[in-house]
Amino acid sequence: MGFPKDFMWGGAIAANQCEGAWDTDGKGMTVSDACTAGTIDTPRYTTYLTKDGTPGKTGMFGSLPEGAHRAVLDGYYYPYHEGIDFYHHYKEDIALFAEMGFKVFRMSISWARIFPKGIEEAPNQAGLNFYRNVFEELKKYGIEPLVTIFHYDMPVYLEETLGGWKNRELIDLFEKYARVLFTEYKGLVKYWLTFNEINSPILLRNFLPNYSNEMIQQGVQTLHNQFVASARAVRAAHQIDPEMMVGAMLAGTCSYPLTCNPEDVLANQKRTQYDFYYSCDTMARGAYPYFAQKFWDEYAIELVTEPQDFIDLQEGKVDMITFSFYSTGCITVDETAEKAKGNFTSGAKNPYLKYSEWGWSIDGQGLRYFLNELYARYQLPLMVVENGLGAVDVLEPDGSVHDPYRIAYTREHVLAMKQAIEDGVNLLAYTYWGCIDLVSASTGEMKKRYGFIYVDRNNDGSGSMKRYRKDSFYWYQKMIASNGEDLD
Ligand code: BGP
């Protein structure tokens with residue numbers, strides 16, 4: 001028992017949070033490039049110039065005034081512009097991943113490196129070459145790439161000129177982009193994920209203050225268009241190379257009822273249906289679930305669809321289900337219950353769990369529970385493609401970093417996966433999030449570090465970009481060598 005011999009251990013990153021080189025080799029501007037840095041207490045902003053050239057800013061999820069364009073302004077710091085400069089350090093970084101014994105490496109492709117605006121006839125050769133070089137470097141060490149096609153990194157042109165994912169034109173553009181990738185990297189990349197945390201547009205309703213009905217309308221339409229785009233990509237991948245396996249990737253919004261009050265139990269069931277199963281059922285079963293109509297009615301959603309969409313959804317069912325899992329939440333009808341944060345999980349504080357420095361709960365057993373729930377429902381192979389602890393690390397003068405908290409977090413989740421496998425779950429892979437320190441998506445900080453590898457880079461952009469092995473690096477290496485048995 002325990003982990004199967006061919007279990008894929010590894011790590012995960014995303015293009016915008018790592019690559020840097022934001023305007024190099026013909027890459028177009030993406031929405032990430034106009035995102036400033038924040039902290040746990042101060043928000044990140046999107047900066048812009050209005051029609052008449054006046055500079056302005058709005059919250060990361062806010063909308064721009066009519067006619068304004070995202071712009072890089074003086075006086076702001078944009079952490080994604082340089083990231084951790086993976087663009088120029090990938091060989092060194094991959095050598096370190098190989099040293100830890102990675103079998104798989106999850107990364108994303110930036111659409112704007114391949115199609116700078118998103119609408120060009122022909123792809124940008126320099127962008128295609130960059131990713132080819134990365135995949136070939138991985139192959140040199142026998143590391144399997146697991147590639148996310150869209151990870152929160154939209155070409156600005158598509159967002160501003162076409163109106164983003166609420167415009168159905170993006171479905172065709174995405175299919176074209178995905179086909180280029182499948183054709184170009186056939187034989188090099190077997191595992192693909194279409195959209196990172198595809199359920200996220202509707203999750204925002206749970207915690208953004210001022211969340212309007214118009215926003216949920218847009219969120220649900222965005223999701224529909226992305227489901228269809230994803231299904232078309234799955235079908236294309238199977239046509240181009242039947243060996244390819246394409247997965248859905250969702251934010252793993254695992255939650256419990258806060259109490260055994262049946263009202264809490266029902267509230268949690270409904271939350272899970274809307275937040276997770278609505279998306280996962282559609283992608284895995286090829287049709288919207290039975291409660292979708294109720295969800296649309298509740299928010300007075302007017303969904304724009306075409307008859308062919310439903311055929312596409314049926315023909316483009318995913319081969320596997322993958323998800324991010326950081327923390328769990330508690331749902332209750334009691335409005336006075338103490339609130340908690342989390343990665344898209346929200347709700348009340350769980351008195352049985354510890355919380356990270358950024359206020360996210362730590363819940364290894366939750367992962368075992370969630371894996372069992374998903375396998376029971378879908379009987380499709382699963383992958384945990386994001387899981388990790390963001391914490392403040394100290395680089396000692398001798399270049400070491402002592403991070404027992406990260407080892408403890410990872411140990412707890414590895415053990416939970418082992419138990420889930422022993423329960424009978426078919427789990428293929430584990431890619432620890434932020435296996436090398438990177439820019440945090442929610443806060444834009446470097447200080448919130450996930451890595452087994454420390455990157456000398458600070459919140460204000462200072463630092464040498466030098467890489468250092470943390471204590472967790474050696475722990476993960478030893479754990480992989482024992483295929484999940486040696487957790488000391
Ligand atoms: C997920 C995203 C990742 C990653 C992670 C950790 O939602 O898919 O891109 O950043 O969360 O979040 P953060 O960086 O905010 O700590």
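Contact here means that heavy atoms lie within 4.5 Å. With that in mind, and bearing in mind that the model is predicted, Arg 205 is in contact with Tyr 211, Ile 216, Arg 271, Tyr 274, Asp 275 and Tyr 299, once its neighbours within four places in sequence are left aside.

**Arg 205 and its setting**

- Arg 205 belongs to the loop that runs between helix H7 (200-203) and helix H8 (213-240).
- Because its relative accessible area is 14%, which falls under the 20% limit, Arg 205 counts as buried.
- The side chain of Arg 205 reaches the backbone oxygen of Ile 202 at 2.8 Å, and a polar contact of 3.2 Å links the side chain of Arg 205 with that of Tyr 299, a residue that is also in the list of contacts.

**The ligand and its shell**

- Around the ligand there are 16 residues, of which Gln 17, Glu 197, Ala 441, Ser 442 and Tyr 450 come nearest.

- In the side chain of Gln 17, an N or O atom is 2.7 Å from an oxygen atom of the ligand.
- For His 151, a polar side-chain atom lies 2.9 Å from an oxygen atom of the ligand, and for Asn 196 an N or O atom of the side chain is 2.9 Å from a ligand oxygen atom.
- The ligand taken alone exposes 380 Å², and the protein buries 98% of that area.

Key. Residues numbered from 1 in each chain as written. Predicted model: local features only at pLDDT ≥ 70, side-chain atom pairs only at ≥ 80, totals over all residues. Heavy atoms only, no water. Helix = DSSP H or I, 4+ residues; strand = E, 2+ residues; numbered from the N terminus. Buried < 20%, exposed > 50% of the residue type's maximum accessible area, 1.4 Å probe, protein only. Polar contact = N/O pair within 3.5 Å; in protein donor to acceptor, adjacent residues only side chain to side chain. Near = heavy atom within 4 Å. Areas by Shrake-Rupley, 256 points an atom, 1.4 Å probe, with all protein chains shown as cover.
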